Amino acid sequence: MVSKEKPVMVMGLYDSKLSFYALEWTLDRYFVGFGPNHPFKLVVVHARPTPASVVGVGGPGAGNFITIMESEFKRKASRSIDQIKQMCLNKSIEDVKIERKRLLRQSCSLLCNDCEKAIQDKN
């Protein structure tokens with residue numbers, strides 16, 4: 001018997017209620033009803049901004065401000081990753097790959113490019 005590899009579904013998320021709603025909707029439609037035999041391998045690309053992509057700061061104290069923002073973005077991203085993992089576990093979906101990406105500027109096209117790259121890497 002030849003085992004057939006599942007097609008890959010890639011979702012790009014960032015820290016927003018709409019992203020998590022989209023993840024929940026996708027899990028409910030394409031994974032939950034199939035039990036452990038769902039038809040796709042799920043890859044979630046979580047994107048977080050860098051401080052430079054959000055604000056332009058200069059002058060005295062700018063370094064400290066950027067450092068504080070960076071640590072806050074990291075904490076928020078960790079909470080989001082934990083939320084993604086928990087959402088998948090609550091729906092009994094265990095074989096999820098989560099990739100973390102830092103966006104150098106806010107751009108949905110960069111996130112789309114990362115999703116396309118993840119699909120190509122899988123093939």
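This is a predicted model: local features need pLDDT of at least 70, side-chain atom pairs count only at pLDDT 80 or more; totals for chains, interfaces and linings use all residues.
Visitor: What is the secondary structure of the protein chain, and in what order do the elements run?

Guide: The chain comes to four helices and three strands, and from the N terminus on these elements run β-α-β-α-α-β-α. Of its 123 residues, 33% are buried, while the accessible surface comes to about 8,200 Å², with 55% of that area belonging to carbon and sulfur atoms.

Visitor: Why is S16 called buried?

Guide: The relative accessible area of S16 is 19%, and buried means under 20%, so S16 counts as buried. This residue is placed in the loop between β1 (8–13) and α1 (17–30).

Visitor: What makes the approach of S16 to S19 a polar contact?

Guide: A polar atom of the S16 side chain lies 3.1 Å from the backbone nitrogen of S19, and the cut-off for such a pair of N or O atoms is within 3.5 Å.

Visitor: How do you know that the rings of W25 and Y30 pair edge-to-face?

Guide: The count comes to three aromatic pairs. In the pair of W25 and Y30 the ring centres are 6.2 Å apart and the planes stand at 65°; since rings pair when their centres lie within 6.5 Å and planes over 60 degrees apart count as edge-to-face, the pair is edge-to-face.

Visitor: Why does the pair of Y30 and F40 count as edge-to-face, and where do its partners lie?

Guide: The centres of these two rings are 6.0 Å apart and their planes are at 80°, so the pair of Y30 and F40 is edge-to-face. This pair links distant parts of the chain, with Y30 in helix α1 and F40, 10 residues away, in the loop between α1 and β2 (41–49). One aromatic cluster is formed by W25, Y30, F31 and F40.

Visitor: What makes the contact of K91 with E24 a salt bridge?

Guide: The rule asks for a side-chain nitrogen of Lys or Arg within 4 Å of a carboxyl oxygen of Asp or Glu, and the side chains of K91 and E24 meet at 3.9 Å, N to O. K91 lies in the loop between α3 (62–90) and β3 (96–103) and E24 in helix α1, so the pair ties together parts that are 67 residues apart in sequence.

Visitor: How do you know that K91 also forms a salt bridge with D28?

Guide: The closest N and O atoms of K91 and D28 are 2.7 Å apart, and the cut-off is within 4 Å. Because D28 lies in helix α1 and K91 in the loop between α3 and β3, this pair ties together parts that are 63 residues apart in sequence. From C-alpha to C-alpha, D28 and K91 are 8.2 Å apart in space.

Visitor: What joins E24, D28 and K91 into one network?

Guide: Salt bridges that share partners join E24, D28 and K91 into one network. The count comes to three salt bridges, and among them is one that E99 forms with K97, their closest N and O atoms being 3.4 Å apart.

Terms used. Residues are numbered from 1 along each chain as its sequence is written. Side-chain values use heavy atoms; hydrogens and water are left out. Helices (H or I, at least four residues) and strands (E, at least two) are DSSP runs, numbered from the N terminus. Buried means under 20% relative accessible area, exposed over 50%, partly exposed in between (1.4 Å probe, protein chains only). A polar contact is a pair of N or O atoms within 3.5 Å; within protein, one must be able to donate a hydrogen and the other to accept it, and residues adjacent in sequence count only if both atoms are side-chain atoms. Rings of Phe, Tyr and Trp (its six-membered ring) pair if their centres lie within 6.5 Å; planes under 30 degrees apart count as stacked, over 60 as edge-to-face and the rest as tilted. Accessible areas come from the Shrake-Rupley method with a 1.4 Å probe; for residues, only the protein chains shown count as cover.
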